[in-house]
Amino acid sequence: MIIVGFDPGIATLGYGVIKTEKGLKPQMIDYGIVSTPKEENLAVRLAMLEKGIKQIIEKFKPDEIAVEELFFAKNVKTAISVAHARGIILLTAIKECGKLFEYTPLQIKQALTGYGRADKNQIQQMVKTMLGLKGIPRPDDAADALAVALCHSQTNKLGGLFSI
């Protein structure tokens, strides 16, 4: 099964692609980011994100897509722009793949470390370990997206509980 994980962002949207097979350790296929220039207006940036997401889905033809749910920080303006980006991910993913799942940051941390308050470094170390990588994937957005994909690979055994 091919799983694409997305870490929403307006300036930098992370993606991670893994392959899972029953009884085998997950394998990293690819990871990276889709970035948009801050000088552009919101509509153009969202169109750029859609194009990038669509290219990723067309290239890897995932069986399922996992997305991190929004975490509301103190900066409302940032949360709103990330919500816009997340909407583009959800719309494009459901249209292009049809199998979409959402996970909260707490669920992702618990799935990877067993501890819902794990810090960013602990998550990144687990991504590295679980995928047998030599180093932590960079940038952080890509590592976070791989964490989302790994979370889904751990929890999709529960059926459609997290599907949209």
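Me: Is strand 4 largely enclosed or open, and why?
Reply: This is a predicted model, with residues numbered from 1 along each chain as its sequence is written; local features need pLDDT of at least 70, side-chain atom pairs count only at pLDDT 80 or more, totals for chains, interfaces and linings use all residues, and side-chain values use heavy atoms, without hydrogens and water. Strands (E, at least two residues) and helices (H or I, at least four) are DSSP runs, numbered from the N terminus. Buried means under 20% relative accessible area (1.4 Å probe, protein chains only). Five of the five residues of strand 4 (residues 64–68) are buried, so strand 4 is largely enclosed by the rest of the structure.

Me: Which residues point each way from strand 4?
Reply: All are buried, on both sides. Glu64, Ala66 and Glu68 point one way, and the other way point Ile65 and Val67.

Me: Which residue of strand 5 stands opposite Val67?
Reply: Strands pair if DSSP finds at least two bridges between them. Strand 4 and strand 5 (residues 100–103) run parallel, joined by four bridges. Opposite Val67 stands Glu102.

Me: Which residue stands opposite Ala66 in strand 4?
Reply: Strand 1 (residues 2–7) also pairs with strand 4, in the parallel sense, over four bridges. The residue opposite Ala66 is Gly5.

Me: How are the buried residues of helix 3 placed around the axis?
Reply: In helix 3 (residues 105–113), the buried residues are Pro105, Ile108 and Leu112. The arc, taken from the directions from the helix axis to the C-beta atoms, is only 60 degrees, which puts them on the same side of helix 3.

Terms used:
Buried < 20%, exposed > 50% of the residue type's maximum accessible area, 1.4 Å probe, protein only.
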